Amino acid sequence: MNRRISASLLAADFCHLGAELARVSSADLLHFDVMDGHFVPNISFGLPVIEAVKRCSDLPLDVHLMIEHPERYLEEFAVVEPEIITVHYEAVVHLQRTLGHIRELGCRAGVSLNPHTPLEGLRYVLDDLDLILIMTVNPGFGGQKFIPAMLDKIRDCRQLIGSRPIELQVDGGICVENVAELAAAGATNFVAGSAIFHAADPADYIARMRRA
Ligand code: DX5
Ligand code: ZN
């Protein structure tokens, strides 16, 4: 499966969003962390920001809903035609139904797991999902340190996925220094915020991530 890099807008300078988008135009996807102050202890941005970004970028959109009751907002977010909508395993009661709804809306269905959440339940919804996001930090804030114990979880998840066409995304503390190890463990989709946006030359940084 193609490896992809998703630039996380959480680390962008929101005063100059148009210019920030130009700096990361060589990424494969734009990643949006939507936070509600309930599921995670932080509030970020919502649909108006994503709509504005969509008007100034051709990159596919990767929407990571870190919110309670994400099933109530799927139709709203589908309006911006994201390639991927990811909901949290811990925030959804009827996961199989929610993933089906995301696909019905024309998007690829993702499910995200907090660091301590076991992979086990995913076994029963593998045919219903297109992406698994292993959080490599506790969700809610950019700029945190990668949790090394997640490498084992990524390896286990790779085994669980087998040959199915499911992307294995990692998010949190991802940078040039750990991307090779993560790829070797089986990750195929790399979300990075601070590392990319705080680089002097994000295009060069993205190229270095690809080479690594
Ligand atoms: C963490 C978010 C991430 C965040 C990653 O709660 O889900 O997408 O933007 O930021 P960095 O790359 O700075 O760890
Ligand atoms: Zn994220």
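Trainee: What geometry does the site of the zinc ion (ligand 2) have?

Mentor: This is a predicted model, and in it the site is octahedral, with six donor atoms and angles of 68 to 166 degrees among them.

Trainee: Which residues coordinate the zinc ion (ligand 2)?

Mentor: H31 through NE2, H64 through ND1, and D33 and D171 through OD, at 2.0 to 2.3 Å.

Trainee: And how are the donor residues spaced in sequence?

Mentor: The pattern is H-x1-D-x30-H-x106-D. D33 lies in strand β2 (residues 29-35) and H64 in strand β3 (residues 61-66), so that pair, 31 residues apart, links distant parts of the chain.

Trainee: D33 and H64, buried or exposed?

Mentor: D33 has a relative accessible area of 5% and H64 has 0%. Both count as buried because the cut-off is under 20%.

Trainee: Switching topic. How many residues are in the largest nonpolar core?

Mentor: It has 68 residues, and L30, I132 and M209 have the most contacts inside it. Helix α5 (residues 150-161) supplies the largest share, six residues.

Trainee: Why would they group like that at all?

Mentor: In soluble globular proteins, nonpolar side chains tend to be buried together.

Trainee: What does L30 touch?

Mentor: Leaving out residues up to four places away in sequence, L30 touches S6, A7, L9, L21, V24, V53, S57, L59, P60, L61 and D62.

Trainee: What is in the second core?

Mentor: That one is separate and has six residues, among them L29, I84, M135 and V137.

Conventions
Residues are numbered from 1 along each chain as its sequence is written. Chains are lettered from A and ligands numbered from 1 in the order in which they are written. This is a predicted model: local features need pLDDT of at least 70, side-chain atom pairs count only at pLDDT 80 or more; totals for chains, interfaces and linings use all residues. Side-chain values use heavy atoms; hydrogens and water are left out. Donors are N, O and S atoms within 2.8 Å of the metal (3.2 Å for Na, K and Ca); water is not among the atoms, so sites may look incomplete. Four donors count as tetrahedral if all angles lie between 85 and 135 degrees; four count as square planar and six as octahedral if opposite donors are over 155 degrees apart and all others between 65 and 115; anything else is irregular. Helices (H or I, at least four residues) and strands (E, at least two) are DSSP runs, numbered from the N terminus. Buried means under 20% relative accessible area, exposed over 50%, partly exposed in between (1.4 Å probe, protein chains only). A nonpolar core is a set of buried Ala, Val, Leu, Ile, Met, Phe, Trp, Tyr and Cys residues joined through side-chain atoms within 4.5 Å. Contact means heavy atoms within 4.5 Å.
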